[in-house]
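Work through the exercises below with the sequence and the model open. Each task is followed by a solution in steps.

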Amino acid sequence: MTPESPDRTGLIARTTSGAKRIGPGLLLCLAVSVVALAAEHLEALFFGRAWLEALVLAILLGTAIRTLWKPDSRWRSGISFSAKTLLEIAVVLLGASLSAATVAATGGPLLLGIAAVVFLAIGLSYGIGRLLGLSKRMAILVACGNSICGNSAIAATAPVIGADGEDVAASIAFTAVLGVVVVLGLPLLIPMLGLSVHQFGILSGLTVYAVPQVLAATAPAGAAAIQIGTLVKLVRVLMLGPVILVLSLLSSHLREETGKPTGQIAAERPAPRPVGIHRLVPWFIVGFVVMAAFRSAGLIPAVLLPPLATVANVLTIVSMAALGLSVDIRSVAQAGPRVTATVVLSLLALGAISLGLIRLLAVS
């Protein structure tokens, strides 16, 4: 028998170690997902329809478990893997459901409107934060997180404006909890506001924090809402590049400010530094675009489209379970009343601006 090479042995060892590390948390997320799917099936069986989809049930079950029990290090790696990596893979696979015709139907006015909404929302959110007494850096972090893409925008903005760990920790504390609230509450606006599928998809893409969460928010409205919502959200995320560029030009002014929460002087704060391109354009967005291009070019056989959609849906449910298991409701209180008030008011302002754009463009 030929002995295995050291490289292959090392690869096997790393793979085994990685599986052991993420295994418990991944299995927990899968178990929550199975329960959510079973509950959805029982709903349909007893009530004739599923009032709460498995995506929503997975979030609620995960959040309930997290409220009663805090997972230790044994579970956290797998939960994090499920919440991030699996959901990013689901977004890439979702690209196969988007064709060039859908993109063309979106229209130039809407694309310009998305950019206008982002910059207007950042300005309003920043103003709200300053009125409520937040420092310039904190107000900017909250504004960018709220207006673009949650934690990803905060992580990309922080090094550019020289924000420290306290700034970042306080500004991201709300994202998990309020992100879930938005995902669960947004579908309720469909009957309240009389929104069409297309209108709801645009509203979701303009207001939901993270790209993957758009899948969960729009799922109750169907595939068309998912497609347009994801497309709008991707355009919104791409606005992070221009925003970072503007902030980099203003970073010297932020550098001079004394930090209110910690009393740090400018010299003690982290020096502003450039952000890598991977922060501005995440890999799964590139993957989504590539898959959409393959679909438009006819390179993905039609017979593969339903299985790809099914896999994307299952991965999303598992990831929503992980999202619920990651939510600590008490983190909102820890963020402080001024930050929480700024985020809530900014989110309401973003929703109002988004609805205004939909009405202005006469989206049907």
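**Exercise 1.** Locate serine 319 in the predicted model and find what its side chain reaches.

Solution. Step 1: serine 319 lies in helix 16, which covers residues 305-326. Step 2: its relative accessible area is 0%. Buried means under 20%, so serine 319 is buried. Step 3: the side chain of serine 319 reaches the backbone oxygen of serine 82 at 2.8 Å. Step 4: leaving aside residues up to four places away in sequence, serine 319 touches Ser82, Ala83, Leu86 and Leu87.

**Exercise 2.** Is threonine 207 buried or exposed, and which residues does threonine 207 touch?

Solution. Step 1: threonine 207 belongs to helix 10 (residues 197-207). Step 2: the relative accessibility of threonine 207 is 5%, so this residue counts as buried. Step 3: its side chain reaches the backbone oxygen of leucine 203, at 2.7 Å. Step 4: not counting residues up to four places away in sequence, threonine 207 touches Leu186, Arg236, Leu347, Leu350, Gly351 and Ser354.

**Exercise 3.** How many aromatic pairs does a search of the whole structure find, and how are the planes of tryptophan 69 and tryptophan 75 arranged?

Solution. Step 1: the search finds one aromatic pair. Step 2: the rings of tryptophan 69 and tryptophan 75 have centres 5.5 Å apart and planes at 85 degrees. Step 3: planes over 60 degrees apart count as edge-to-face, so this pair is edge-to-face. Step 4: tryptophan 69 has 32% relative accessibility and therefore counts as partly exposed.

**Exercise 4.** Where is alanine 221, and which residues does alanine 221 touch?

Solution. Step 1: alanine 221 is in the loop between helix 11 (211-218) and helix 12 (223-238). Step 2: alanine 221 touches Ile190, Val197 and Phe200, with residues up to four places away in sequence not counted. Step 3: alanine 221 and serine 196 are 25 residues apart along the chain, and their C-alpha atoms are separated by 9.0 Å.

**Exercise 5.** Describe the chain as a whole.

Solution. Step 1: the chain has 18 helices and zero strands. Step 2: of its 364 residues, 49% are buried. Step 3: take the contacts between residues at least 6 apart in sequence; 79% of them join residues at least 24 apart. Step 4: the chain exposes about 16900 Å², and carbon and sulfur atoms supply 71% of that area.

Note on methods. Residues are numbered from 1 along each chain as its sequence is written. This is a predicted model: local features need pLDDT of at least 70, side-chain atom pairs count only at pLDDT 80 or more; totals for chains, interfaces and linings use all residues. Side-chain values use heavy atoms; hydrogens and water are left out. Helices (H or I, at least four residues) and strands (E, at least two) are DSSP runs, numbered from the N terminus. Buried means under 20% relative accessible area, exposed over 50%, partly exposed in between (1.4 Å probe, protein chains only). Contact means heavy atoms within 4.5 Å. Accessible areas come from the Shrake-Rupley method with a 1.4 Å probe; for residues, only the protein chains shown count as cover. Rings of Phe, Tyr and Trp (its six-membered ring) pair if their centres lie within 6.5 Å; planes under 30 degrees apart count as stacked, over 60 as edge-to-face and the rest as tilted. A polar contact is a pair of N or O atoms within 3.5 Å; within protein, one must be able to donate a hydrogen and the other to accept it, and residues adjacent in sequence count only if both atoms are side-chain atoms.
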